[in-house]
Amino acid sequence: MVLLWIILIPLMGAVILGALGQRNAGFSGNIAVSAATFFAACLMTVQVLDGGSFTAWHHELFVDTLNVFLVDLTAFVALTTSVFSKTYMQAEVRLGHLNAARLGLYHAMYQVFIFAMLLALLCNNIGVLWIAMEAATLSTALLISLYRTPAGLKAAWKYFILCGVGLALALLGTIMVYFAAHSVLGPHQALLWTRLYSVRGRLDPAIMMVAFVFLIVGYGTKVGLVPLHTWLPGAHAEGPTPISAVLSGLLLNVALYAIVRFKALASGGPMADWPGQLMIGFGLVSVLVGAFSLGGQRDLKRLFAYSSIEHMGLATFAFGLGGPLATFAALLHMTAHSLTKSSVFFTNGQVAQTAGTKDMDRITGIVDRNPALGWTLMASSLAIVGTPPFGIFASEFLILIAAAREAPWSVPLLLIALGVAFAAIFRRTQAMVFGAADGARIPTPSSLLAPFVHLVLVVVLGLAIPHILAAWYTGAARLVGP
């Protein structure tokens, strides 16, 4: 029953918040709904710890070691983002950047988006997964265009069209998986993850090979894998900062989760290595393109959007390598990136709002104007480029070790890309933080609590991964397989 509540709470919240409209109560309601969802996710975690994996609602919903921590992570980041949104979005209205009449749409679509991601993670049906990803696309397209600026509308349309095409390809791949499983499982169970895993060695390898090509291209569009990434920088740069945080921190994870699930299916036959090789190719190209695109950016949010392409490419590469170590590292990287990148966007959004511009050439001396904001931006930037003791350093180190074992030819390319990304982001960040102050001191916003909490958690991941989380990662690695 708790799995159903995790799905229903944000859906019902969306209806209520839409009815509240532009009232200030909408912000508190958004936080309350997100907190209730997170509480339900915590109850689910307790059940998993007590009894292991389980299904619900006539086997239409399920939780196992692969999706349990992603559900918790999604609910947690949704909660902290809703807390950040209150102060940030109220300031956007006060500064005249946003029409207050659109706040009802913002709160409602935010909860629809969270509902869609949680449904994608918890559903036991590959067809429902596709529907959930489509719902996430529709809701986020409305959120990206919330400001109704020409650039925002263009970014929303580009996102909608490219992701729509990608999801059409993913639908074709889903149909092919059903076709391969129909003769083995029958018409009523050929869409269920739990049944598909049990017969993955009996699925037609030729059909599964072609299906996986469509699926990685289709869902890879949502991940932001090169060359399907062109929607991502504009969507992150033009949408509201809280939406940039959940797009990069959550949606990309959910799309990659779908690919990993299908990789586990496609790897069960005689061509077990082929899906992994395809993921290695897409992932490595994405790391290189994302890293080398960072240096030419002037827009603050666009800079870190390309960083997301790099990091999701690295996680995809690690999943492609396969094996216990690489898969463990990829799952850790997804977790650390989600927490860190949302922290980065929280801080960057606050900086851009304070400076009145996203042009990094015009932002300087933040630490003199507000030490807390300046040091939080510096810490978030150092965390995202993989410096110790942050969690991304740990995950990247493990990925490099796995690559040295399984694909040593890739290690120099990865090191070059990571070095370029570090240099590009550090050069920009240190100039903004430590340059000459160009304005009066500013008060510390209460919204900085959210990135601070995230950074603390990322340090914990970098120093000592909690035993429960490590056990889930290990179990998920066994589930995904080679």
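**Close-up 1. The second largest cavity holds about 80 Å³ of space.** This is a predicted model, in which local features need pLDDT of at least 70, side-chain atom pairs count only at pLDDT 80 or more, and totals for chains, interfaces and linings use all residues. Residues are numbered from 1 along each chain as its sequence is written, and side-chain values use heavy atoms, with hydrogens and water left out. A cavity here is a set of points, on a 1 Å grid over the protein atoms alone, where a 1.4 Å probe fits but cannot get out, and lining residues have an atom within 4 Å of a point. Grid points are joined across faces, edges and corners, and a volume is the space filled by probe spheres set on the points. Lining this cavity are Val 351, Thr 354, Ala 355, Ile 363, Thr 364, Ile 366, Arg 369, Leu 373, Asp 438 and Ile 442. Two or more of the lining residues come from each of α13 and α14, and α13 has the largest share, with three residues. Helices are DSSP runs (H or I, at least four residues), numbered from the N terminus. By residue class, the lining splits into six nonpolar, two polar and two charged. Ala, Val, Leu, Ile, Met, Phe, Trp, Tyr, Cys and Pro count as nonpolar, Asp, Glu, Lys and Arg as charged, and the others, Gly among them, as polar.

**Close-up 2. The largest cavity has a volume of about 110 Å³.** It is lined by 14 residues, and those closest to its centre are Pro 205, Met 208, Met 209, Ala 266 and Met 271. Helices α8 (205–223), α10 (241–266) and α11 each supply at least two residues of this lining; α8 gives the most, with four. The lining comprises 12 nonpolar residues, one polar and one charged. Across the whole structure, the search finds three cavities of 30 Å³ or more.

**Close-up 3. The largest pocket has a volume of about 460 Å³.** A pocket is an open set of grid points with protein on both sides within 12 Å along at least five of seven lines. Of the 18 residues lining this one, Phe 69, Asp 72, Leu 73, Leu 469 and Trp 472 lie nearest its centre. Helices α2 (25–51), α3 (68–94), α13, α18 (449–463) and α19 (467–480) are the elements that give two or more residues to the lining. The largest share, five residues, belongs to α2. Sorted by class, the lining has 15 nonpolar residues, two polar and one charged.

Close-up 4. Look for Tyr 88, Glu 92, His 97, Tyr 147 and Lys 358, which lie nearest its centre among 18 lining residues. The elements giving two or more residues are α3, α9 (231–238) and α13, with α13 providing the largest share, three residues. Here the lining divides into six nonpolar, eight polar and four charged residues.

**Close-up 5. Thr 347 sits in helix α13 (residues 323–355).** Thr 347 is buried, at a relative accessible area of 0%. Buried means under 20% relative accessible area, exposed over 50%, and partly exposed in between (1.4 Å probe, protein chains only). Leaving aside residues up to four places away in sequence, Thr 347 touches Leu 373, Thr 376, Leu 377, Ser 380 and Pro 451. Contact means heavy atoms within 4.5 Å.

**Close-up 6. Helix α17 (residues 411–434) is covered by several other helices.** Its 24 residues reach 33 Å from first C-alpha to last, close to the 34 Å expected at 1.5 Å a residue. The expected span is 1.5 Å times one less than the number of residues. Among the buried residues of α17 are Val 411, Leu 414, Arg 428, Thr 429 and Val 433. Their cover includes α11 (274–292), α12 (300–321), α14 (366–369), α15 (371–384) and α16 (391–406).

**Close-up 7. Helix α6 (residues 150–185) is followed by Gly 186.** With 36 residues, α6 reaches 50 Å from its first C-alpha to its last, close to the 52 Å expected. Gly 186 has a positive phi, near 90°.

**Close-up 8. The cysteines form zero disulfides.** A disulfide is a pair of cysteine sulfur atoms within 2.5 Å. The sulfur of Cys 163 is 18 Å from the closest cysteine sulfur, in Cys 123, too far for a bond. Cys 163 is buried, at 1% relative accessible area, whereas Cys 42 is partly exposed, at 31%.
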